[in-house]
Amino acid sequence: MNETSNSISVSVVKDPVRVRMAPSPTGYLHIGGARTALFNYLFARHHNGKFILRIDDTDTARSTDESMHEIYTALKWLGLEWDEGGDEGGPCGTYVQSERKAIYDGYIAQLLENGNAYHCYCTPEELEEIRTQARADKQTRSYDGRCRELAAEAVDRFVAEGRKPTVRIKMPDTPIRVDDIILGSRNIDPATLEDEVIVRSNGMPNYNLTSIIDDAEMQITHVIRGTEHLNNTPKQIAIANALGLNVPQFAHIPLVLDSGGRKMSKRHHGDLVAVNRYREQGYLPEAMLNFVVRLGWSYDDKQEIFSVEELIEKFDLARVGKSGSVFDIKKLEWLNSHYINQLDVSARTEAVIPFWQEKGLLLDPTENRDWLEGIVEAVGERLTKLQDIVPQTSYFFTDAFEYEPKAVKKWWGNSEEKREKTREILTNILQILEEIPTFDIETIEAAIWQYTDENNIKRVAAMQALRIALTGASFGPSLFDIVVLLGKDEVLKRIPKAIEHCT
RNA sequence: GCCGCUAUCGUCUAGGGGUUAGGACGGAUGGUUCUCAGCCAUCAAACCGGGGUUCGAAUCCCCGUAGCGGUACCA
């Protein structure tokens, strides 16, 4: 495999690969998170490494157990099983950061001792002021490091005032080299870096500290994450350096964007980005994975459909692009219908049953299994998501449907003369079906074609009139399939009812 | 404001010093059919701009421009 000039060859890595997905449980797993998880998972599996799930919940105010479990559910649904971490733990003990505080405290003490960090007594208001001023002065930094060399009496005064300090890292004054597998390498001017808060005034450490510590503690070899973290990278490297910790390799993957080109986020896009909502609508995990992997990654100019096995074999960070990718639901739908159609009728029926049950259309799925499979068979390739089964087949379960006005107008007619003709056709068909010797597709089809052709009635006109009578709509599966599946009794009940409505 | 990243059809992308710039989704048209979907066929649709380098630039370099990301005691 060739390597491009600005990419670090992935194959150079010899250590057993260890990667991690580190969500913060402040909401559901979103599309971007799913893709990050997938890239990590594929990279790990491709290299026979470990995929670790760490919970970055140092923001205790916003983290919830509920969110954590939603993330687990979504990841498991996608089949992205982790080797260590999550709710199972592993060789590194707990992988939940809020439970690892003692570990961080040790490092913080070390930083304070060796002079690489210091207490900052500035209040949020003061900081806001400093920021505003810095911005007005067109400064690069928004904090000036004023607490670096606080006199002892100033500290005493602040303490006496009851101020609780934060801890800030002292940024180095030499350039920081950042190597990125996707974006290439560059040196960061230290003048652009400021002394970040690494411990809140309540004693809880912050992301930039805990993340890089745990990456080292958990022997993470590659950090694959979204580019929103790009600016955090030099900060984290600086912290690792100050602590003498190993720095993993980084790979920043481009953002997933909305149709307007903006980053997809829970805040702005709500359920549109929630993986679990897609599951609930009847998207298949295979489709979701296949969709999401192609956002920023491609294999060649031919292949669009990839099984997970193929992805594990073919995935390579070197083929991940640098620019953001727009989330296109049409493509997801196409992929989803593809995967639904891959299912055989029995499996598809199985998949669709919960959706019928959810709407109360189906009470006992163990009964009439053949009939249900017949319906699924008749629906054929018309499902883009499993949920579509409900609107597309509800008339099989109930005759309490509306006759769609537009369809009625077009096919039953909008004049008394035309309605009269429709009633006549329906009446004739009713009679044909009443008298038909065997109620099967071939016989019915032959009888109806004979009727239309002999009476010079357009097939489409008769069929559409009948379709509306039986289903309420002007579209759907083959009408002969529908007739047989409904059964003679039901058909013979629905036609007279339709004739009554056709006035 | 500051720091950073990015730039091929509407979208996902392939390609990458010399190509009719390829594929897929979506769109359009025609065919098949009882409708819809599907399937088949056909079509429209792109290298951000300007300078270099070069025989030759979409490709390499520089400069713009635009978009996006970050700029928290969030992650």
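Colleague: In this predicted model, how many of the five residues of strand β10 (residues 249-253) are buried?
Modeller: Strand β10 spans residues 249-253 and is mostly covered. A residue is called buried when its relative accessible area is under 20%. By that cut-off, the number of buried residues in β10 is four.

Colleague: Which residue of β10 is the bridge partner of His222?
Modeller: Strand β9 (residues 222-226) pairs with β10 in the parallel sense, over five bridges. His222 takes part in this pairing, and its bridge partner in β10 is Gln249.

Colleague: Is Thr36 buried or exposed?
Modeller: Thr36 lies in helix α1. Leaving aside neighbours within four places in sequence, Thr36 is in contact with Met21, Ile224, Arg225, Gly226 and Ile253. Its relative accessible area is 13%. The cut-off is 20%, so Thr36 is buried.

Colleague: How many of the 16 residues of α1 are buried?
Modeller: The span of α1 from its first C-alpha to its last is 22 Å, close to the 22 Å expected at 1.5 Å a residue. Asn48 follows the helix, with a positive phi near 55 degrees. As for burial, α1 is mostly covered, and the count of buried residues is 14.

Colleague: Which residues does Ile495 contact, leaving aside its neighbours within four places in sequence?
Modeller: In general, nonpolar side chains in soluble globular proteins tend to be buried together. For Ile495, the contacts are Leu426, Ile429, Leu430, Leu433, Leu466 and Leu470.

Colleague: Which strands stand at the edges of the open sheet of three strands?
Modeller: The order of this open sheet is β4-β5-β8, with antiparallel pairing. An edge strand has a single partner strand, so one side of it is left without a neighbour in the sheet. The edge strands are β4 (117-120) and β8 (197-199).

Colleague: Which residue of β5 stands opposite Tyr118?
Modeller: β4 and strand β5 (residues 166-169) pair in the antiparallel sense over four bridges. Opposite Tyr118, the residue in β5 is Arg168.

Colleague: At about what angle to β4 does helix α3 run?
Modeller: Helix α3 (residues 101-113) lies across β4, β5 and β8. The angle between α3 and β4 is about 95 degrees.

Colleague: How far apart in space are Met204 and Tyr104, C-alpha to C-alpha?
Modeller: Met204 sits in the loop between β8 and α6 (207-217), and it is buried, with a relative accessible area of 12%. Not counting residues up to four places away in sequence, Met204 touches Thr58, Thr60, Lys101 and Val199. Met204 and Tyr104 are 100 residues apart in sequence, while their C-alpha separation is 9.1 Å.

Notes
Residues are numbered from 1 along each chain as its sequence is written. Chains are lettered from A and ligands numbered from 1 in the order in which they are written. This is a predicted model: local features need pLDDT of at least 70, side-chain atom pairs count only at pLDDT 80 or more; totals for chains, interfaces and linings use all residues. Side-chain values use heavy atoms; hydrogens and water are left out. Contact means heavy atoms within 4.5 Å. Helices (H or I, at least four residues) and strands (E, at least two) are DSSP runs, numbered from the N terminus. The expected span of a helix is 1.5 Å times one less than its number of residues. Buried means under 20% relative accessible area, exposed over 50%, partly exposed in between (1.4 Å probe, protein chains only). Two strands pair if DSSP finds at least two bridges between them. Axes are lines fitted to C-alpha atoms, for helices over the stretch in contact, and angles run from 0 to 180 degrees between N-to-C directions.
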